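Please study the sequence and the three-dimensional structure shown below. The paragraphs that follow lead from the whole chain to single residues.

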Amino acid sequence: MKNMKKFYISTSIPYVNGEPHIGHSLEFIQADVVARYNRLLGKDVFFVSGTDENSLKNVQSANKAGQEVKEYIDEYAQKFQDLVKDLDISLDDFIRTTEDRHFKGAQKLWSLLDKDDIYKKKYKGLYCVGCEVFYNEDELEDGCCPEHKKEPEIVEEENYFFKLSKYADQIKELLNSKELNIIPENRKNEALSFIEKGLEDFSISRSVERAHGWGVPVPEDESQIMYVWVDALSNYITALDFAEDSQKYQDYWVQAGQEREVIHTLGKGISRFHVLYWIGLLLSAKVPLPTQEFIHGYITINGEKISKSFGNVIAPYELIERYGVDATRFYLLGAISSFQDGDFSFEKCDEYYTANLVNGVGNLTSRILTMAEKYTKNLVPPVEHDVFGTEDFWVEYKKDLESFDFQRVIKNINSLVARVDGFISEQKPWEKAKAGEDVNKVVYQLLEVLRHLTLALLPIIPSTANQILVQLNIEKNTLKLNELTSWGLLKSHTQLKKSKILFPRLI
Ligand SMILES: [Zn+2]
C-alpha cells in the first residue's frame, strides 16, 4: 500500500438518539460508492464514519428512556454499526466520539487553535436543545425552531467563542478558487452568501452544568465542556489518531507529496458548519483542509422531512427486506436526486425496482447468459468489435461519478441496458440460430458489453456485480478499473457459468 495514491472520504456522524432511517442510508451509500470506485482505480482509500455521542440530545434521550447514558449510547451506536454492515458499506473505520482517541484528538485541536481566536464571552440567547444551536430572533418561524417547531429556551452563560469572522476572506477565497471544492455549486453559493452577510463568531464551549458533565472537557478549564462543533467535527481527524500525529493521519489526511483528495460527505442541514466553521477551525489550528465537500439533499416522505415527530420514519430494513441490499442501494442512488431533496414512496420504489432491476439489469444478464448457454455452449466466442459505444459510456461514467452525480451514473447504466435490449430485439439471435446462421458475433458482443455493465455496477451494487463476474468467470482480485474498460478484454474460450435470477419479481 506504500506507493499507492491515498484517498480519504468520510460521512457525517449521526447523533445516536434514535433509530437510523433511510436518510442516513443514502449518505452511507453515496460515500460507499465513491470509496469503492476509488479503490477500483487502485487508490489506497480510508473510508470512515462514526457516531456523535457527546451531544446533549443523547443525554436527554437516555434520561427519557430511563437508561444510563453510556448504556443507551452503546445500544444506538451498535444500531448504526449494524446498518453499515447490512448496507454493505465498506468502511475502514468507525469512530465513536466517546472514544479516548477522539477525546485526545479534539483536545489537541482545541489546543492548536490560535490563542487570539478564542475569547470568553457572556452570552444570552435563544437556544434550541434539539438543534443545540442558538437562534437569532429572525431565524425562528412563529417563535419556534424551524427544524423542531418548538419554542427555544432562553439560556445565559459564559462560553468560549471562536473568531470565525477573522477567516471570512480566506474561506471566500478557498471557495472561489475551488481549493475547497463544494459540490453542488448552489451550496457553495449559499456559503458565499453567508460570508457576504458577515460571519458571526460562534460558541465553542458550554458550561459543565448545561452539558450535564457529558462531553469532551475543554483543556485547562474545568468549568467548560466542548460545544458540539469543535468536538463532533474533529472526528474526521481524530479517527486517524490525530492526537498521536500518527502515520495514518499523515498518510490519509496530510497526504504530503501527492495531489490531495480529502472528501467529506454530508447533508444540507449541516453544510454551514462544514463549509464555514470546520474550515475556520482548521485554518486557525494550521491543520490541512479537506479538498472537497459533497452536500446532498434530504429524502422526504410525501414532501415532508423525515422526522420522529412527524411519525414518518422509514427504517432502512423495510427496504432491505422488500428489495434486498443491492436494490436498496440502486434505488436510493438512482431514483433520489444526488443534490436536491428527493421524495420516497414504496409505490415509486416498487416501480423503479421492477423496471430497472427485474426487467433491466437482471433480465438482460439472464438473457445474455442463456443465449451463451444455448448457442455457444457456455463458451465465449472469438472477439468482435464494439457496437455499444462503451468508450463514451466510460467517459460519462467517470465524469459523473467524480462529480457525485450518482443519479446520472445510474441513468446512463439504465440507458445502456436499454440499448443492449434493443440490439437483441433487432438482431433476433434466436431466428439466426434457427436458420443455421452464425450467432457467435452477436453473442460475443453481448457478453462483452455485459462485462462492461458489470464493472460499472461494481461500486453501486457490489454483491450482485460480483455474482455476475463469477458467471462471466472473471477473477475479482485482478480488477483495476482503468485497465479493464477497453473493449475486447473478455477472452474467447472462457468457460461461462449458468445464469441465476438476480432480482426476483415482487410478490
Ligand atoms: Zn431545533
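A residue is called buried when its relative accessible area is under 20%, exposed when the value is over 50%, and partly exposed in between, using a 1.4 Å probe and protein chains only. Asp 201 counts as partly exposed because its relative accessible area is 22%. The structure is a predicted model, in which local features need a pLDDT of at least 70 and side-chain atom pairs count only at pLDDT 80 or more, while totals for chains, interfaces and linings use all residues. Residues are numbered from 1 along each chain as its sequence is written, and side-chain values use heavy atoms, with hydrogens and water left out.

Consider the whole chain before its parts. The chain contains 19 helices and 15 strands; these are DSSP runs, with helices (H or I) of at least four residues and strands (E) of at least two, numbered from the N terminus. Along the principal axes, the C-alpha atoms fill a box of roughly 90 × 50 × 40 Å. The radius of gyration, taken over C-alpha atoms, can be set against a globule rule of 2.2 Å times the number of residues to the power 0.38. For 507 residues, a compact globule would have a radius of gyration near 23 Å, and the 26 Å of the chain agrees with this.

Of the 507 residues in the chain, 57% are buried. The accessible surface comes to about 21800 Å², and 49% of it belongs to carbon and sulfur atoms; such areas come from the Shrake-Rupley method with a 1.4 Å probe, and for residues only the protein chains shown count as cover. A contact means heavy atoms within 4.5 Å. Among contacts between residues at least 6 apart in sequence, 78% join residues at least 24 apart.

Two regions carry names from a record. UniProt, in an unreviewed entry, places the feature "domain: tRNA synthetases class I catalytic" at residues 14-94. The chain over residues 14-94 is 57% helix and 12% strand, with its end C-alpha atoms 12 Å apart. The unreviewed entry in UniProt also places "domain: Methionyl/Leucyl tRNA synthetase" at residues 139-368. Over residues 139-368 the chain is 42% helix and 17% strand, and the end C-alpha atoms are 58 Å apart. UniProt positions are given in the numbering used here, feature names are shortened, and annotations may be inferred rather than shown by experiment.

Thr 97 lies in the loop between β3 (93-96) and α4. Thr 97 counts as buried because its relative accessibility is 0%. Although Thr 97 and Asp 52 are 45 residues apart along the chain, their C-alpha atoms are separated by 5.6 Å. Not counting residues up to four places away in sequence, Thr 97 touches several residues, including Asp 52, His 102 and Asp 231.

Helix α4 (residues 100-112) holds Trp 110. With a relative accessible area of 6%, Trp 110 is buried. Trp 110 and Leu 282 are 172 residues apart in sequence, and their C-alpha atoms are 10.0 Å apart in space. Leaving aside neighbours within four places in sequence, the contacts of Trp 110 include Ile 118, Tyr 160, Val 218 and Met 226.

Return now to Asp 201, which lies in the loop between α6 and β8 (202-203). Beyond residues up to four places away in sequence, Asp 201 touches Tyr 119, Phe 161, Phe 162, Lys 163, Leu 164 and Ser 165. Further along, Asn 414 is placed in helix α15 (residues 406-427). Asn 414 counts as buried because its relative accessibility is 16%. Apart from neighbours within four places in sequence, Asn 414 is in contact with Phe 330, Tyr 352 and Asn 356.

Finally, consider the backbone. Most residues other than glycine have a negative phi, and most peptide bonds are trans. The peptide bond from Ile 183 to Pro 184 is cis, with omega near 0 degrees. Pro 184 is in the loop between β7 (181-183) and α6 (185-197). Lys 149, in the loop between β5 (133-135) and β6 (153-162), has a positive phi of about 50 degrees although it is not a glycine. His 212, likewise not a glycine, has a positive phi of about 55 degrees and is in the loop between β9 (205-207) and β10 (224-226).
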